Amino acid sequence: MLPYPQIDPVALAIGPLKIHWYGLMYLIGIGGAWLLASRRLNRFDPTWSKEKLSDMVFWMSMGVIVGGRLGYVLFYDLSAYLANPTLIFEVWKGGMSFHGGFIGVMLAALWFGKKNNKSFFQLMDFVAPMVPIGLGAGRIGNFINAELWGKATDVPWAMVFPTDPAQLARHPSQLYQFALEGVALFLILWLYSRKPRPTMAVSGMFALFYGIFRFIVEFVRVPDAQLGYLAWNWLTMGQVLCVPMIVGGLFLIWLAYHRAPATPAAAV
């Protein structure tokens, strides 16, 4: 068993002002996405300025934050937030839904694309390789918060999380998700998008592999207490929400190679 590294969730406190690691992880994810996007910008559209890129990253980041929070409220714990709506604003305590954030990004892409003469999938193909940076940073934030831990296990790398009332050795599922949704997904999309791909293909690859990776990790992750398992003593809400992503990703890849013309790769 590995000792859990005791990290104060508050990175910096100045009087009543507290800066949480969870929030800093979002800033790292957004900053990393902007840096990567700036490297790929000329291949995506040489007429775009860094200011326009910053606008796009800002609005898509708003989609992540607002969509992620509202997605968690709607998908995971609606009754609690209806009983106390002010809890919606306490984002430093965690409670973000990837699937809600994904919907938020798609809505932002639709809106920003119309304003800048880009199709929805042109923007999504451009953005997709950057998303794992934020996903990986967010999972590190979950780990520091000692939340979303896994099931009890006797594997050598199991950890006892301080927030676990049972104090059992558990899978560090946040680190599994960091490795898969962050590192592995980034490498897959980074390598795949370096060569010319038809429109929708990169978006399809993102949806497919995120869905697969998340579906797998859910088998060793403890489901949200207020929901538990939805069926068969193993099916979780996360898995239910990943099924459309897997099916949709496969469909987009098929459609891309059967109907869409090839477009230049946006080199990373």
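**Strand and helix contacts in a predicted model**

Ala13 stands opposite Lys18, a residue of strand 2. The structure is a predicted model.

**Strands 1 and 2**
- Strand 1 covers residues 10–14 and strand 2 covers residues 17–20; the two pair in the antiparallel sense over four bridges.
- Together strand 1 and strand 2 make a hairpin, with two residues between them.
- In the turn of this hairpin, Gly15 has a positive phi of about 60°.

**Helices 1 and 6**
- Helix 1 (residues 21–44) and helix 6 (residues 131–144) have axes that come within 8 Å and cross at roughly 165°.
- Angles over 145 degrees count as roughly antiparallel, and helix 1 and helix 6 are therefore roughly antiparallel to each other.
- Their crossing is right-handed.
- On the helix 1 side, the contact includes Trp21, Tyr22, Met25 and Ile28. On the helix 6 side, Ile133, Gly134, Ala137 and Gly138 are among the residues met.
- By class, the residues of this contact are ten nonpolar, six polar and no charged.

**Helices 5 and 8**
- The axes of helix 5 (residues 120–127) and helix 8 (residues 201–217) come within 7 Å, crossing at roughly 55°.
- That angle makes helix 5 oblique to helix 8.
- The crossing of helix 5 with helix 8 is left-handed.
- Phe121, Met124 and Asp125 of helix 5 meet Ala201, Val202 and Ser203 of helix 8.
- This contact of helix 5 with helix 8 has four nonpolar residues, one polar and one charged.

Definitions and conventions
Residues are numbered from 1 along each chain as its sequence is written. This is a predicted model: local features need pLDDT of at least 70, side-chain atom pairs count only at pLDDT 80 or more; totals for chains, interfaces and linings use all residues. Side-chain values use heavy atoms; hydrogens and water are left out. Axes are lines fitted to C-alpha atoms, for helices over the stretch in contact, and angles run from 0 to 180 degrees between N-to-C directions. Angles under 35 degrees count as roughly parallel, over 145 as roughly antiparallel, 65 to 115 as roughly perpendicular and the rest as oblique. A crossing is left-handed if the near helix is turned anticlockwise from the far one by less than a right angle, and right-handed if clockwise. Contact means heavy atoms within 4.5 Å. Ala, Val, Leu, Ile, Met, Phe, Trp, Tyr, Cys and Pro count as nonpolar, Asp, Glu, Lys and Arg as charged, and the others, Gly among them, as polar. Two strands pair if DSSP finds at least two bridges between them.
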